[in-house]
Amino acid sequence: MNEIQWFVRVCQIDGLEAALRELNARVPHRYTGVYRFEGDLMRNLALVDKAGEARPEHLAAVPFKDSFCQYVLRDGGFQSGDTGADRRLDGHVYQGVLLSYHGVPVLDDAGQLFGSLCHFDQDSKELSDGEFAMMQRVARVIPAFLRSRSAGIALPAA
């Protein structure tokens with residue numbers, strides 16, 4: 001069984017959050033999550049915290065303009081192992097606060113942008129090219145487990 005078949009099987013048996021937990025175990029980042037574009041917000045649909053704590057309220061819905069997910073939408077993926085030193089983020093409200101963010105787009109069944117899959121942390125963390133590629137592959141199968149949540153969601157202006 002390859003890695004994607006494994007991810008799908010875990011989703012089928014135990015749900016998306018369990019599969020994200022397995023994905024999170026592969027990386028040094030504290031959090032792994034799936035966010036949906038919802039108007040002017042990025043709404044969290046599933047979040048895994050390596051520390052096992054309940055989802056902080058500020059991660060439940062993030063204004064699109066304040067999210068790093070906006071760069072995923074704009075560029076088709078985004079990686080920063082140290083946002084504090086990342087000049088692409090100069091002036092961003094979370095630059096240097098959320099120090100590590102790696103995200104890929106999640107497309108719905110029609111190929112339209114639905115949201116993002118991301119690993120992130122308050123501390124600086126790098127992500128290998130292999131794990132970023134794994135995220136891209138996983139993002140392609142996530143919509144099968146989100147079908148009921150994707151109808152009628154308008155995307156924010158880029």
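Start by selecting helix 1 (residues 3–14) and helix 4 (residues 129–141): their axes come within 10 Å and cross at roughly 45°. Helices here are DSSP runs (H or I, at least four residues), strands are E runs of at least two, and both are numbered from the N terminus. Axes are lines fitted to C-alpha atoms, for helices over the stretch in contact, with angles from 0 to 180 degrees between N-to-C directions. That angle makes helix 1 oblique to helix 4; under 35 degrees counts as roughly parallel, over 145 as roughly antiparallel, 65 to 115 as roughly perpendicular and the rest as oblique.

This is a predicted model, where local features need pLDDT of at least 70 and side-chain atom pairs count only at pLDDT 80 or more, while totals for chains, interfaces and linings use all residues. Residues are numbered from 1 along each chain as its sequence is written, and side-chain values use heavy atoms, with hydrogens and water left out.

Now show side chains. Helix 1 brings E3, I4, W6, F7 and V8 to the contact, and helix 4 brings M134, R137, V138 and V141 (contact means heavy atoms within 4.5 Å). By class, that contact has 7 nonpolar, no polar and 2 charged residues. Ala, Val, Leu, Ile, Met, Phe, Trp, Tyr, Cys and Pro count as nonpolar, Asp, Glu, Lys and Arg as charged, and the others, Gly among them, as polar.

On the helix 1 side, pick W6, F7, V10, C11 and D14; on helix 2, pick L16, A18, A19, L20, E22 and L23.

Next, where is the largest pocket centred? Select L59, V62, Y94, L98 and F120, the closest to its centre of the 18 residues that line it. A pocket is an open set of points on a 1 Å grid over the protein atoms alone where a 1.4 Å probe fits, with protein on both sides within 12 Å along at least five of seven lines; lining residues have an atom within 4 Å of a point. The lining divides into 13 nonpolar, 4 polar and 1 charged.

Last stop: the second largest pocket, with 14 lining residues; E17, L47, V48, D49 and E53 lie nearest its centre. Strand 2 gives the largest share of that lining, 6 residues.
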